[in-house]
Amino acid sequence: MTSRFTELVVDCHDPERLAAFWCAVLGFKVIDRGEDMVEIGSWVPTVEEVRARQMPPTLMFIQVPEGKTVKNRLHLDVSPIDGSTDEEVARLLGLGAATVDVGQGPGRSWVVMADPEGNEFDVVRTLAPSGYVVGHEG
């Protein structure tokens with residue numbers, strides 16, 4: 001008997017707003033809604049698929065009354081897949097993210113950002129093939 005990592009839960013004030021932000025960041029869609037919660041993912045989980053193999057976890061946003069007060073103990077890393085890290089940072093800024101300083105120091109290969117509710121995440125190395133140009137047809 002084993003367990004599977006199926007959801008990452010984020011406490012927040014506005015689950016709809018945060019879910020919309022992360023859907024735009026990750027290309028996910030809303031897969032479930034309930035009172036004070038929204039779940040997003042790249043797939044709709046089924047018991048059969050989860051039992052058959054490890055599947056990507058979903059993100060669940062749960063409304064809570066308290067606000068964020070300290071640096072996250074857990075954060076997401078995202079990797080652009082069709083552009084540079086700088087291009088992705090610019091896109092995420094346009095979606096409502098902000099760059100933040102959590103003491104990472106200068107000269108890092110990643111960029112620390114925060115979502116619209118202040119939850120830190122990192123934009124790390126691009127996964128785009130070397131020389132890839134957005135819109136390029138090969």
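**Exercise 1. Find the volume of the largest pocket and describe its lining.**

Step 1. The largest pocket has a volume of about 510 Å³. A pocket here is an open set of points on a 1 Å grid over the protein atoms alone where a 1.4 Å probe fits, with protein on both sides within 12 Å along at least five of seven lines. Its volume is the space filled by probe spheres set on the points, which are joined across faces, edges and corners.

A word on the model: it is predicted, local features need pLDDT of at least 70, side-chain atom pairs count only at pLDDT 80 or more, and totals for chains, interfaces and linings use all residues. Residues are numbered from 1 along each chain as its sequence is written, and side-chain values use heavy atoms, without hydrogens and water.

Step 2. Now look at the lining (residues with an atom within 4 Å of a point). There are 26 such residues, and Val10, Asp11, Lys68, Asn72 and Asn119 lie nearest the centre.

Step 3. Strands (DSSP runs of E, at least two residues) come next. S1 (7–12), S4 (58–63) and S8 (120–123) each supply at least two lining residues, and S1 gives the most, with five.

Terms used: Helix = DSSP H or I, 4+ residues; strand = E, 2+ residues; numbered from the N terminus.
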